[in-house]
Amino acid sequence: MIVWLNGTFGAGKTTAAQELLDLLPGSTLYDPELLGSGLRLMLPAKRFEEVDDYQDLPSWRRMVVDTAAALLTEVPGPLVTPMTLLRQEYRDEIFGSLAARRIPVRHVLIHAEETILRERIGRREETPGDPEGSASVRRWCLEHLEPYAQALDWLKSDAHVVDTSALTPRQTAERVAEAVRTGAGACDIVQTPEPTAETLAAGVLLFDDQDRVLLVDPTYKPGWEFPGGIVEPGEAPARAGIREVAEELGIQLPCAPKLLVLDWEAPKPPGFGGLRLLFDGGTLTAAQIRELLLPGSELREWRFVTEAEAESMLPPVRWNRLRWALRARERGCPLHLEAGIPVG
């Protein structure tokens, strides 16, 4: 298990984590910031100039998961992880990958009001004897208060909140330990096992009466997606699409959907690639749209979007697949793609 102590600078994550080690038997401190420091030493400086923060590096986010899994083969756990994580798509990627490895997460938000945070940051002395260095760190911490405020809505809905405004570090740790014991902050994310070979996946495009396409926002990975999923062994791809639409949205398709595109996705480590099929699920009625259901452990939101809107929401590989699927739908003829490019 991982006890992820989230929150901005000055909330008291690090001091609470140290106290928490005494309250959770077998616990170990796991600080992903060390991974960022290591990458800064190993990667070319030019790479860091391309990002605002080491959390923007895909390698850091993958290393967080891989290192946690490795540590849990050496220690009994839980891992106590004091780490600010304000971008929801990064939370999806990291927590979803942990769920895929069957590593449960307790997400706890260590919170304090902004006036308290500013007061604590103002007293912070990062490097004794180096007033300039400490002042620089304080400025950096203060700059993160606005992004934290902007992230509070999703953080409070996702995590168990412990307000530290009037608590000592020990009292904070006691509240966190009690939350862990009672199961508070458990992330009920779908556990999609990481593939070990090429996979076959079936997605279904559903439309409204304005010909906008339905996209869904998974809780377990970043970026928007089409309804659908991995085809199970022995299952027909079209039937898999029907099953996934029913499971994810509560929509029962009356017949097998028509194929729009078959796309071979090239392996790109750590992914294995495979075949990706997109089917035309047709136009939903107003009544069907009103009755759309979302499994909270798998999908966060749904939205009908235009083709132009989809381009800004989908990762490039999915967007490319969608635009060719829409062309195939217009022409009434399915397309064969390889790595997103029509062939044949």
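Keep in mind as you look around that the model is predicted.

Now show the whole of both helices, α4 as residues 58-71 and α5 as residues 88-100. An angle under 35 degrees counts as roughly parallel, so that is how α4 and α5 run relative to each other. Turn the view to see α4 pass α5 in a right-handed crossing.

Next stop: α6 and α7, whose axes are 9 Å apart, at an angle of about 165°. α6 is therefore roughly antiparallel to α7. The crossing of α6 and α7 is right-handed. To see where they touch, select Arg118, Ile121 and Gly122 in α6 together with Arg138, Cys141 and Leu142 in α7. Three residues of this contact of α6 with α7 are nonpolar, one is polar and two are charged.

Stay with α6 (114-122) and α7 (131-143), and bring in α1 (13-23) and α2 (33-42): each of these helices supplies at least two residues to the lining of the second largest pocket. Which residues lie nearest the centre of that pocket? Pick Phe9, Lys13, Glu33, Thr84 and Trp140, from a lining of 37 residues. Colour the lining by class and you will find 13 nonpolar, 10 polar and 14 charged residues. The volume of this second largest pocket is about 1,200 Å³.

Definitions and conventions:
Residues numbered from 1 in each chain as written. Predicted model: local features only at pLDDT ≥ 70, side-chain atom pairs only at ≥ 80, totals over all residues. Heavy atoms only, no water. 1 Å grid on protein atoms, 1.4 Å probe; cavity = no way out; pocket = protein on both sides within 12 Å on 5 of 7 lines; lining within 4 Å. Points joined across faces, edges and corners; volume = space filled by probe spheres on them. Helix = DSSP H or I, 4+ residues; strand = E, 2+ residues; numbered from the N terminus. Nonpolar A, V, L, I, M, F, W, Y, C, P; charged D, E, K, R; others polar. Axes fitted to C-alpha atoms, helices over the stretch in contact; angles between N-to-C directions. Parallel < 35°, antiparallel > 145°, perpendicular 65-115°, else oblique. Left-handed = near helix turned anticlockwise from the far one by under 90°. Contact = heavy atoms within 4.5 Å.
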